[in-house]
Structure formats: C-alpha cells, structure tokens
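User: I would like to learn how to read ring contacts and ligand contacts in a protein model. Could you take me through them step by step?

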Amino acid sequence: MNVRPDSRQADIGSLRERLKHFIDTEAIPREHPALAHDVEGLDAVIRELRQKARAAGLYAPQLPIELGGLGLGWQDRAGILEEAGRSFLGPGALNCAPPDQPNMINLVRNGTPEQRRRYLEPLIEGRLRSCFAMTEPAPGAGSDPGMLKTCAVRIGKRWRINGHKWFISGAVGAAFAIVLAQTEEGATLFIVDAGQPGYEVVRNIGSMDGYQIGGHGELRFIDCEVGEEAVLGEVGKGFEYAQERLEPARLSHCMRFIGRASRAMEIAQDYAAGRTSFGKPLSELQQVQAMVADSHIDLHASRLMSLHCAGRMDAGESVKHESAMTKIFVSEAVYRVADRAVQIMGALGISDDTPVSMILRELRPFRIYDGASELHRATIARRVFREGLRP
Ligand SMILES: Cc1cc2nc3c(=O)[nH]c(=O)nc-3n(C[C@H](O)[C@H](O)[C@H](O)COP(=O)(O)OP(=O)(O)OC[C@H]3O[C@@H](n4cnc5c(N)ncnc54)[C@H](O)[C@@H]3O)c2cc1C
C-alpha cells in the first residue's frame with residue numbers, strides 16, 4: 001500500500017503523542033538516582049517497561065515490521081528516538097538502545113540463519129542482552145582500530161581468542177559479546193557466549209555517566225575457544241562490519257540525546273520562570289534569556305543536521321561526511337545545552353534532586369565514543385583537501 005506523505009505524517013505524529021505519554025507516565029516515574037549505577041535493578045525495570053511498551057505498540061521502532069518492529073525509516077525515527085531519549089529509561093524500554101540496537105544491525109546484515117535464530121531473535125524479544133567488544137587498553141585499539149591486539153588463531157576447525165577489552169557497554173550480564181579480533185586474514189568479528197571458558201568479566205568500570213544497561217565492562221579472553229560458526233560475516237571483514245554499524249549508531253545517539261538535552265532545558269526554563277532574583281524572575285534577565293535562546297538554536301540546528309542525514313540514509317546515499325559533521329556538532333551542542341541548564345538552575349542544577357546533572361554527565365562521554373570529536377574533525381579535513389570540497 002502506498003501511504004500518502006500527509007497521512008504518514010499524521011501517523012507518526014500520533015505515535016509520538018502516544019510515546020510521549022508513555023515516557024511521561026511510565027519511564028520518567030521509574031527513574032531514580034539509586035538506579036543509575038545498579039545494573040541488576042536497571043535490568044529489572046527495563047524488563048518491566050518493555051512489556052508495557054510492547055502492549056502499547058511502541059516497541060522496537062527501528063526494526064522492520066517482519067522482525068517485530070514498527071518499521072520506521074530514518075526520518076520518521078528521528079522524532080521517535082528523540083521522544084524516547086527524553087528519559088534515561090526510554091530507549092531501553094523500547095529496545096532501541098545501544099549496544100543491542102547496533103548489534104541487531106550486524107546480525108541482520110551478516111548473521112547466518114542459525115546465528116539469527118540463536119542470537120538475533122532473543123535480542124529482539126528482549127530475552128537477553130549483548131555487547132560489542134572492540135576497544136582495548138593501551139597499547140591496544142582505541143581511536144585507532146589498527147592497533148588491535150586481541151587475536152584469534154585457528155586451531156583445526158576452531159578459533160582460540162586471546163585479548164583484553166574495556167569500556168564495553170552492556171558487558172555485565174550480557175549473554176554474548178561480538179568481539180573484534182585480529183586473524184591472519186585480517187580483523188574479524190566473533191560471537192562469543194559469555195559462559196564460555198576463557199571469557200572473563202573482570203569488572204564494571206565506574207564512570208561519570210549512569211543508566212547504562214549492563215554498565216561499562218572490562219573483559220579478558222584467555223585461550224577462549226569458539227567454533228567456526230562463531231564467525232560473524234566473513235573472516236577478514238571485521239573493520240568493514242564495525243564501520244557499517246557506526247554510522248547508524250552515531251545518528252541514533254544524536255537523536256536520543258537531542259531528547260535528553262531538550263528535557264534538561266525544559267526543566268531549566270521552568271526554574272527560570274519560577275525563581276526570582278533581585279526582584280525579577282530569572283526568565284526576564286537578559287543573560288539567562290541568552291542561554292535559553294542559544295540552547296534552542298543548538299537544538300534546532302542539531303535536529304536539522306540529524307534529519308538531513310536521516311533523509312540521505314532513507315535514500316540509500318552515503319553519509320560518511322555528513323554523519324561525521326553531525327556527530328561532532330550534536331555531541332558538542334547537546335552538552336552545551338545541558339551545561340547551560342545546570343548554570344541556569346544554580347546549585348539545584350548540580351544536585352541529584354533533578355535529572356539535569358545526570359543528563360550533563362551522560363552527555364559528556366558522547367564527545368569521546370563513536371569517534372572522538374578530534375578524530376572526526378581530522379577525517380573531515382582530510383576529505384575536504386583530498387576531494388577539493390568547496391565550503
Ligand atoms: C561511555 C563509553 C562507552 C563506550 N562503549 C564502548 C563499547 O560498547 N564498545 C567498545 O568497543 N568501546 C566502547 N567505548 C570506547 C570508545 O570507543 C573509545 O573510548 C574511543 O574509541 C576512544 O578510544 P580511547 O578511549 O582509547 O582514546 P584514545 O584513542 O586514547 O584517544 C584519547 C584522545 O586523544 C585524542 N585523539 C585520539 N586520536 C586522535 C587523532 N587521530 N587526532 C586528534 N586527536 C586524537 C582525542 O581527543 C581522544 O579523545 C566506550 C567509551 C565510552 C566513553
């Protein structure tokens with residue numbers, strides 16, 4: 001059936017309204033500072049919210065309908081991920097949070113029928129969790145994936161993996177990891193079950209952010225053996241597959257975090273309207289007004305850049321250049337917005353009495369992961385000079 005653009009628009013609008021209601025009445029009330037670093041507690045809340053999201057017809061907006069999702073394209077998804085992203089718990093509730101969301105992309109694109117049955121189906125249903133293990137402590141892979149030290153060696157028909165990974169989001173309690181390891185034929189992705197001998201979760205790394213499902217884990221692989229069926233996609237194509245997941249993952253992060261930063265500013269605006277200083281509400285002070293206006297400008301520009309990328313993704317066009325620019329701009333803009341929200345709210349802004357300080361802490365690492373700002377700037381500039389791009 002051909003859906004007319006205006007009726008599709010109306011459908012997305014009503015979906016967003018229903019989602020807003022869900023986020024306001026189900027997700028936000030379940031947030032609590034004590035939950036931010038409680039991996040088990042978070043899992044329990046997310047499980048419960050997923051049932052409600054499914055019943056409300058809001059589950060997995062990013063997945064095709066035949067896989068149980070809502071089948072939204074990128075442009076339609078933008079406002080939905082933004083709305084879900086207003087709550088720390090929203091993306092998890094809808095099962096559109098990393099690392100499971102980009103892992104599903106890898107499994108859909110490169111998984112064998114057996115891998116899809118064993119790993120993708122339960123991930124989609126939310127019965128288990130996963131993680132993606134690429135980053136290593138020095139001297140291993142960080143910004144430069146070419147420094148990959150984790151290796152997989154063929155032993156007959158099996159592979160033996162040795163290596164050390166860290167900052168692996170979702171690792172604590174994950175049922176399996178998609179592990180990037182070097183082989184003689186090049187970097188390769190392996191699906192490794194968490195119970196496997198030689199697979200060790202060393203610790204949950206304490207960090208400034210919160211509400212990360214499964215924390216950020218440090219993992220060791222010591223003579224960890226897997227069969228040939230553990231290879232995801234083709235041997236030697238690991239970097240290519242890792243790259244394939246990054247562009248959609250980055251753009252989804254931008255959309256979710258625009259929601260998070262908007263919520264911080266909403267709270268700050270309410271504070272500014274209600275708080276008086278020297279006989280005037282803060283909202284009538286020009287320097288406060290400037291912070292609010294600059295934040296609206298940052299959010300508007302962030303939305304437009306994300307939507308532009310989304311349009312190109314929907315059209316099947318390359319977003320290499322645009323997604324790098326969008327990731328830099330949005331990651332820095334949403335942080336500026338959250339920082340201004342803290343400033344407008346004075347001492348209350350840094351407290352745990354409102355979500356604003358956690359939003360700020362959660363947005364800060366976004367300038368580091370999915371490619372640090374400096375790395376993307378270097379790549380953009382190289383492309384500009386190589387291809388002679390006009391400004
Ligand atoms: C919250 C969070 C979640 C994460 N989740 C995962 C995960 O699930 N799985 C996973 O594999 N990894 C994950 N990571 C790791 C993330 O991918 C790395 O932090 C990132 O790739 C940078 O690597 P690094 O930390 O080793 O920094 P380094 O490579 O040591 O770089 C440090 C800094 O040096 C500068 N720099 C580096 N290279 C350049 C360059 N070429 N030009 C200019 N400046 C440069 C940048 O300022 C950079 O921030 C996560 C990180 C964070 C913070």
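**Rings, charges and a ligand**

Analyst: A charge counts as sitting over a ring if NZ of Lys or CZ of Arg is within 6 Å of the ring centre and within 35 degrees of the ring normal. Here the charged end of R336 sits over the ring of F329, 5.7 Å from the ring centre, and R364 lies over the face of Y335, at 5.9 Å from the ring centre. This is a predicted model, in which local features need pLDDT of at least 70 and side-chain atom pairs count only at pLDDT 80 or more, while totals for chains, interfaces and linings use all residues. Residues are numbered from 1 along each chain as its sequence is written, and side-chain values use heavy atoms, with hydrogens and water left out.

User: How many aromatic pairs does the structure hold?

Analyst: Rings of Phe, Tyr and Trp (its six-membered ring) pair if their centres lie within 6.5 Å, and planes under 30 degrees apart count as stacked, over 60 as edge-to-face and the rest as tilted. The structure holds seven such aromatic pairs. In one of them, W166 and F167, the ring centres are 5.1 Å apart and the planes stand at 70 degrees, so this pair is edge-to-face. The rings of Y199 and F221 are also edge-to-face, because their centres are 5.2 Å apart and their planes are at 80 degrees. Since Y199 lies in strand β6 (residues 199-204) and F221 in strand β7 (residues 216-227), the pair ties together parts that are 22 residues apart in sequence; strands here are DSSP runs of E, at least two residues long, and helices are runs of H or I, at least four, numbered from the N terminus.

User: Is Y199 buried or exposed?

Analyst: Buried means under 20% relative accessible area, exposed over 50%, and partly exposed in between, with a 1.4 Å probe and protein chains only. Y199 is buried at 9%, and F221 is buried at 2%, whereas W166, at 26%, counts as partly exposed.

User: Which residues are closest to the ligand?

Analyst: A residue is near a molecule if one of its heavy atoms lies within 4 Å of it. By this rule 17 residues surround the ligand, and the closest are F132, T135, S143, F167 and S169. A polar contact is a pair of N or O atoms within 3.5 Å; for example, a nitrogen atom of the ligand is 2.6 Å from an N or O atom in the side chain of T135, and a polar side-chain atom of E374 lies 2.8 Å from an oxygen atom of the ligand.

Key:
Polar contact = N/O pair within 3.5 Å; in protein donor to acceptor, adjacent residues only side chain to side chain.
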